[in-house]
Amino acid sequence: MTARPDGADMRERPRLSFDLDVDICVVGAGLAGLTVALEAARLGASVAVLEGRHVGWNASGHQLGTVMPGFGLPIGELIARIGFEDSRELWSLSKQGADYVRANATEELMPGIALSEGALEVSNVEAGEQLISRLQMLSEHFETDVEGWQVDRVRDQLKTDRYFHGVYYPKAFQIDGRKYVHGLAALARRAGARIFEDTPVVSFDASGIRKRIVTPSARLRASHIVLAGNIHLGEPLRRLSETLLPVWRYAAVTAPLGERLAEVVTFQGSVTDTDGVDHFRIVDGDRLMWASPETTWAAKPERFAGPIARRIRTIFPRLGTTEIAEVWGGAVGQTVHGMPQIGQLRRGLWVTSGFGRQGLNTSAMAGQLIARSILWGDERWRLFSPFELVWAGGPTGRVAGHLVGMWGRGSSAAAGALARHRERARARERIREARLLEANRQAGTRPPRRPTPPVRPRHERPRPPVQTEPGEGEGGLS
Ligand SMILES: Cc1cc2nc3c(=O)[nH]c(=O)nc-3n(C[C@H](O)[C@H](O)[C@H](O)COP(=O)(O)OP(=O)(O)OC[C@H]3O[C@@H](n4cnc5c(N)ncnc54)[C@H](O)[C@@H]3O)c2cc1C
């Protein structure tokens, strides 16, 4: 799926063909596994990373590189579940995860990483009041830098009537996602970790003090095993894989769009919508990189070139037809509760997984927590204990998950259409009133007084329709 590393890197990451004894064995060389490896090696442990395919083979080598604070789970739900104080602690850890990525993603450590600042989360519906309360919550209680953007400001930078208000995160940033995962591997190796590709873990025995790990061509012994295999972990611990709902997400980059792109999109950071449908940004000056469609089964990414081009046109009709230059996809693991799986399953057996669509800051945070717990006894990973390993329902759950996803997207599309309809109706009403005023002025008459609607007793008033809360995906990504 992703570009293979060059020959030099390949020689440095061979298949494991001899038996080995280490302090920590990490299963999986995605963002999660590599961050644990880097941190543990920096703290002085001997580390081996076993990767069944190659570094960044799945989602980690196919993400869009947007780094924001927070989790996939909306902040309100987080507070409802674990209370205000623990939510603040978790939120602060998620910000530290983003800081960790920033500290690694320098041109010096990762040449060509192309870090740029700022992300904008836009609402598909009019959500002024919810926006204000969210801004207050994030800035006052969660110490996060945010700015509220009015509709005009959003539409000044994104020429579409699809988006309304926005929340701007000046300290969020974006990087070249593929370069980051290979950069992490290089840093981990430089810190002393050994990375073996083409080395699937087929089973392990975690019962003793020294754990045993089996691969087709060699055996390992380690004091700690860290499972960072995401949805592909498979046989070594199938029950763990089944706590994740796999969701394949597809993304594309357009051919150069020339000046027409600058006429329509001037915002240079990442844009996500609050319903988690679209996620895009400008790359290489005049191309759009865009993630949108999802499936709960593995499909060929090329199938989504047409749908992504149509989606771009739906949001930005003024762009006209766009040619898609490259399409790719990767599978993210969603948990039932929406929070990542971070912690110790039994003595010396760790899990770091389930990062969903927001894996950069959260996997960085998890890597630090686990490495520090193993080597320093830092117990903060226990903040994640309320989020247990819940069975995601296997194939039946996946179909249900897909239907729920479709329903969510369908209802958000309907809410967006309704909001645009209301906006057009209000504009028509304003024009009609202006014409009426002008006609009255010319005729020298005063406008007729509008009849006051009769006040109905409270119990007779119609109840407002139940609406889904817009703005419920703070910090959420594609
Ligand atoms: C299109 C797309 C866009 C995204 N954009 C963003 C974004 O902008 N920002 C953001 O924060 N997140 C984004 N994400 C989400 C992010 O990519 C993921 O959350 C993150 O990469 C998950 O990392 P991981 O290491 O847990 O899993 P993976 O990347 O799946 O890595 C797990 C690795 O473990 C290996 N493995 C599994 N089982 C075994 C075994 N038994 N033996 C050996 N190896 C094994 C696999 O081969 C794999 O390489 C995006 C995802 C997609 C698909």
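Helices (H or I, at least four residues) and strands (E, at least two) are taken here as DSSP runs, numbered from the N terminus. The structure is a predicted model, in which local features need pLDDT of at least 70 and side-chain atom pairs count only at pLDDT 80 or more, whereas totals for chains, interfaces and linings use all residues. Residues are numbered from 1 along each chain as its sequence is written, and side-chain values use heavy atoms, with hydrogens and water left out.

Strand S2, residues 47-50, is covered on both faces, with Val 47 and Val 49 buried on one side and Ala 48 and Leu 50 buried on the other; buried denotes under 20% relative accessible area, exposed over 50%, and partly exposed the range in between, for a 1.4 Å probe and protein chains only. In a regular strand the side chains alternate between the two faces of the sheet. Strands are treated as paired if DSSP finds at least two bridges between them. Strand S1 (residues 20-27) runs parallel to S2 and is joined to it by 4 bridges, and Ile 24 has Val 47 as its bridge partner in S2. Between S1 and S2 the chain passes through helix H2 (residues 31-42), in a β-α-β crossover that is right-handed, a term applied if, with the strands pointing away from the viewer, the path from the first strand over the helix to the second runs clockwise. Strand S7 (residues 194-196) is also parallel to S2, with 3 bridges between them, and Val 49 is partnered by Ile 195 of S7.

Within strand S1 lies Asp 23, which counts as partly exposed because its relative accessibility is 32%. The C-alpha atom of Asp 23 is 8.4 Å from that of Ala 48, a residue 25 positions away along the chain.

The shell around the ligand comprises 40 residues, of which Glu 51, Asn 58, Ser 60, Gly 356 and Leu 360 come nearest, a residue being included if one of its heavy atoms lies within 4 Å. H2 and strand S15 (324-334) each contribute at least two residues to this shell. By class, the shell holds 17 nonpolar, 19 polar and 4 charged residues, where Ala, Val, Leu, Ile, Met, Phe, Trp, Tyr, Cys and Pro count as nonpolar, Asp, Glu, Lys and Arg as charged, and the others, Gly among them, as polar. A backbone N or O atom of Leu 64 lies 3.1 Å from a nitrogen atom of the ligand, and a polar backbone atom of Thr 66 is 2.9 Å from a ligand nitrogen atom.

Note on methods:
Polar contact = N/O pair within 3.5 Å; in protein donor to acceptor, adjacent residues only side chain to side chain.
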